[in-house]
Amino acid sequence: MIYLDYAANHPSEEAVLQRFCEAERALIGNANSSHPAGEASREEMERITASIASLMGAENAEVIYTSGATESNNMAIKGIARARRHLGRHIISTPLEHASVSASLTYLQEQGYEIDLLDIGRDGRVDLEHLKDLLREDTVLLAVTAVDSELGTIQPLEGIKEILKSFPNCALHVDATQAIGRVPVAFSGLDTLSLAPHKFGGLNGSGLLLKKRGLVLEPLLHGGVSTSLYRGGTPTVSLAASVETALRLAIENREDHVQKVTELSNELKNALSAYPKVRINSPSDAVPHILNLSVDGVKGTRFQSALADHGVCVSVKSACSSDGTPSRAVFAVSRDRRNALSSWRISLSYRTTEEEAREFLQIFDTCYYELTDRK
Ligand code: PLP
């Protein structure tokens, strides 16, 4: 098998698994309990939270543990919209968002909120002039991905933050799920930020929402005392420990890993571009981990399944979106529905080897001639 779908799920790092197991074995108490076992768990939880906060440039009280980025995005978007409904019901987002953002927005639309999507340039970036045009006094939220999962475009967050300074009622939510370990990410200047460690060597079922101190949002989950007022449930000490290790490793190793992945990605791009029917959809300055392409006249799902028959794992749109419809992100950069229907994604890790890349190219060659000659 050749696994080239690391943006959908990245294997856990050994150190993360070890840290999880050690904490799970050693810390038997509920961090809410007032006895020595509970105190030990609580103290460890506080140490972990302080470390996560410092890695992200946040304060301890700004860290909320969740089950993944889907929960974090839902919590931030619905929570901010509800808490600010007295200020307005206008929300701005982008056509590049993951389903956990776009479906939360559709849900709010059904509740009477008005949603506008930003125009995307050919470079995959949001149009900042369009943002200025769309912003209104009653705009309560802008939800934007830092790096989108289909094209890997890096969005101009600094420019966005600058524009929002004139709109104090508008909170900024950033989905940083595909950005951690790929580009530098800091919480400063943002209102909420989501991430999911299973995208960078952490465990499935863990996630974070950073929420600026003082920002009010309505919780999704109500329940007993936890590490945050905003999400009930027994504190998950061992999962939190695994998040801290995964985050630290991703940040510490980012530059080395990006360099390795850039070399591989350039090799793949050069080789694939030589095929006359191949169109690379990812912008040239996208993160190197994500390479979106189309083979003209062949549906993305068709190419993906041909590759899968040879043991190659790639994806069409993001793993969580529904099948059979053209990619909104690829349509946004190419303005070409047929091309968007033909698109699929290779996603790389520092773990991807030269041999895997070479073998993939051989299999790609076979599939390309099988699928394009028949037409
Ligand atoms: N946001 C982005 C950009 C993603 O790529 C994903 C996963 O594909 C998610 C959110 C959802 O993450 P999770 O599966 O952890 O809920």
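Helices in this report are DSSP runs of H or I with at least four residues, strands are runs of E with at least two, and both are numbered from the N terminus. Glu-267, for instance, has its place in helix H8. The model is a predicted one, in which local features need pLDDT of at least 70 and side-chain atom pairs count only at pLDDT 80 or more, while totals for chains, interfaces and linings use all residues. Residues are numbered from 1 along each chain as its sequence is written, and side-chain values use heavy atoms, with hydrogens and water left out.

## The ligand and its shell

A residue is near a molecule if one of its heavy atoms lies within 4 Å of it. Around the ligand there are 13 residues, of which Thr-70, Asp-175, Gln-178, His-198 and Lys-199 come nearest. Helix H3, which covers residues 69-83, supplies the largest share of this shell with three residues. By residue class the shell holds two nonpolar, nine polar and two charged members, where Ala, Val, Leu, Ile, Met, Phe, Trp, Tyr, Cys and Pro count as nonpolar, Asp, Glu, Lys and Arg as charged, and the others, Gly among them, as polar.

| Residue | Protein atom | Ligand atom | Distance |
|---|---|---|---|
| Ala-69 | polar backbone atom | oxygen | 3.2 Å |
| Thr-177 | polar side-chain atom | nitrogen | 3.5 Å |
| Gln-178 | side-chain N or O atom | oxygen | 2.8 Å |

Taken alone, the ligand exposes 390 Å², and the protein buries 90% of that area. Accessible areas come from the Shrake-Rupley method with a 1.4 Å probe, and for residues only the protein chains shown count as cover.

## Nonpolar cores

A residue is called buried when its relative accessible area is under 20%, exposed when it is over 50%, and partly exposed in between, with a 1.4 Å probe and protein chains only. A nonpolar core is then a set of buried Ala, Val, Leu, Ile, Met, Phe, Trp, Tyr and Cys residues joined through side-chain atoms within 4.5 Å. In the largest such core, which has 60 residues, Leu-142 and Ile-160 touch the most other members. Helix H7, residues 237-252, gives this core its largest share, eight residues. A second, separate core has 28 residues, including Leu-272, Val-298, Val-314 and Trp-344.

Contact means heavy atoms within 4.5 Å. With neighbours within four places in sequence left aside, Ile-160 is in contact with Val-126, Leu-128, Leu-131, Leu-142, Val-144 and Leu-172.

## Individual residues in helices

Ala-246 lies in helix H7 and counts as buried because its relative accessibility is 0%. Apart from neighbours within four places in sequence, Ala-246 is in contact with Val-16, Pro-197, Phe-200, Gly-201 and Gly-202. Its C-alpha atom is separated by 18 Å from that of Pro-235, a residue eleven places away along the chain.

Helix H8, residues 254-273, contains Ser-265, which is buried because its relative accessible area is 2%. Not counting residues up to four places away in sequence, Ser-265 touches Pro-288, Leu-291 and Leu-348. Glu-267, also placed in helix H8, is partly exposed, with a relative accessible area of 34%.

Ser-334 lies in helix H10, residues 328-334, and counts as buried because its relative accessibility is 7%. Not counting residues up to four places away in sequence, Ser-334 touches Arg-122, Arg-279 and Asn-339.

## Individual residues in loops

Arg-335 has its place in the loop between H10 and helix H11, residues 337-341, and at 44% relative accessibility Arg-335 counts as partly exposed. Most residues other than glycine have a negative phi. Phi of Arg-335, by contrast, is near 55°, a positive value in a residue other than glycine.

Ser-349 is placed in the loop between strand S12, residues 343-347, and helix H12, residues 354-373, and Ser-349 counts as buried because its relative accessibility is 3%. Leaving aside neighbours within four places in sequence, Ser-349 is in contact with Tyr-6, His-10 and Val-261. The side chain of Ser-349 makes a polar contact with the side chain of His-10 at 2.9 Å, and the Ser-349 side chain also reaches the backbone nitrogen of Arg-351 at 2.9 Å. The C-alpha atoms of Ser-349 and Ile-290, which are 59 residues apart along the chain, are separated by 9.3 Å.

Terms used:
Polar contact = N/O pair within 3.5 Å; in protein donor to acceptor, adjacent residues only side chain to side chain.
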